[in-house]
Amino acid sequence: MKISVLAYFWVLPFWSFADPAPMELEARVIALAGHWEKEMELLTQYHGLASFCESADHRKGVYGLLDEIHNYHGLLYEELLETTHHHSARTIRRILKHLDKLEEDYSIASFNAFFGERCKAQVELEAMARQYKSGFGMHSYDGKIHVLEIEMHRYLKTLTKRISKVKKHVSQFYIRRQVWEH
């Protein structure tokens, strides 16, 4: 009994670095998409942008989440390429297409470039806040904030839509897979 317990604790650290099982992969992709949707709601607002720009911890959390999303999408991509004979070719093509598009258009580098520009705009806006508060319309402080929020909302809405499409296909894909396997 003692030997089996010791063997379990010796092997346990190695299991944590192994590739996740398919159902764990599905659950993780779905959970990460949910976390991203919550984070997106915060980032589309000006105070969320200010927090992102000013707080290294907030940026680290967002980049960590995006990195994890991309990593799990990479694992999903590899699994789909390896197990094509088990699944519908049409479903696999759709998922791979969404994963490719997400990686091409919304990589961490492009996200960093987009939000780098928005952080510069936020710093400039705050530096000129006193002058902008006397303006009106689009040239006012509130108008400039609104423009920033619209830009962020458009970018993040498209990114979130891409992540949600992968989530939708993955959940349908694995439900069908369970039916086929049993």
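Predicted model: local features only at pLDDT ≥ 70, side-chain atom pairs only at ≥ 80, totals over all residues.

Trainee: At what angle do the axes of α3 and α6 cross?

Mentor: They cross at roughly 105° and come within 10 Å. Angles of 65 to 115 degrees count as roughly perpendicular, so α3 is roughly perpendicular to α6.

Trainee: Which parts of the chain does the pair link?

Mentor: The pair links distant parts: cysteine 53 belongs to helix α3 (residues 46-54) and cysteine 119 to helix α6 (residues 108-127), 66 residues apart.

Trainee: Why is the disulfide of cysteine 53 and cysteine 119 called left-handed?

Mentor: The reason is the torsion about the S-S bond, which is about -90°; the disulfide is therefore left-handed.

Trainee: Are cysteine 53 and cysteine 119 buried or exposed?

Mentor: A residue counts as buried under 20% relative accessible area. Cysteine 53 has 17% relative accessibility, so it is buried. Cysteine 119 is buried as well, because its relative accessible area is 14%.

Trainee: Let us turn to aromatic rings. What describes a pair of them?

Mentor: In general, a pair of aromatic rings is described by the distance of the centres and the angle of the planes. In the whole structure, a search finds eleven aromatic pairs. One of them is formed by phenylalanine 52 and tyrosine 63, 5.8 Å from centre to centre with 55° between the planes, and this pair is tilted. Because phenylalanine 52 lies in helix α3 and tyrosine 63 in helix α4 (residues 56-82), the pair ties together parts that are eleven residues apart in sequence. Phenylalanine 52 is buried, since its relative accessible area is 1%.

Trainee: What is the geometry of the pair of phenylalanine 111 and tyrosine 155?

Mentor: That pair is also tilted, at 6.2 Å centre to centre and 45° between the planes. Phenylalanine 111 lies in α6 and tyrosine 155 in helix α8 (residues 141-181), so the pair ties together parts 44 residues apart in sequence. Both phenylalanine 111 and tyrosine 155 are buried.

Trainee: Which residues do ring pairs link into a cluster?

Mentor: The cluster consists of Trp36, Phe52, Tyr63, Tyr106, Phe111, Phe114, Phe115 and Tyr155.

Trainee: May we close with single residues? Where does threonine 44 lie?

Mentor: Threonine 44 is in the loop between α2 (22-43) and α3. With 13% relative accessibility, it counts as buried. Leaving aside residues up to four places away in sequence, threonine 44 touches Glu149, Met152, His153 and Leu156.

Trainee: And in which helix is the place of glycine 61?

Mentor: Glycine 61 is in helix α4. Its relative accessible area is 41%, so glycine 61 is partly exposed. Glycine 61 and glutamate 39 are 22 residues apart in sequence, and their C-alpha atoms are 9.7 Å apart in space.

Terms used
Residues numbered from 1 in each chain as written. Heavy atoms only, no water. Disulfide = S-S within 2.5 Å. Helix = DSSP H or I, 4+ residues; strand = E, 2+ residues; numbered from the N terminus. Buried < 20%, exposed > 50% of the residue type's maximum accessible area, 1.4 Å probe, protein only. Axes fitted to C-alpha atoms, helices over the stretch in contact; angles between N-to-C directions. Parallel < 35°, antiparallel > 145°, perpendicular 65-115°, else oblique. Phe/Tyr/Trp six-rings, centres within 6.5 Å; stacked < 30°, edge-to-face > 60°. Contact = heavy atoms within 4.5 Å.
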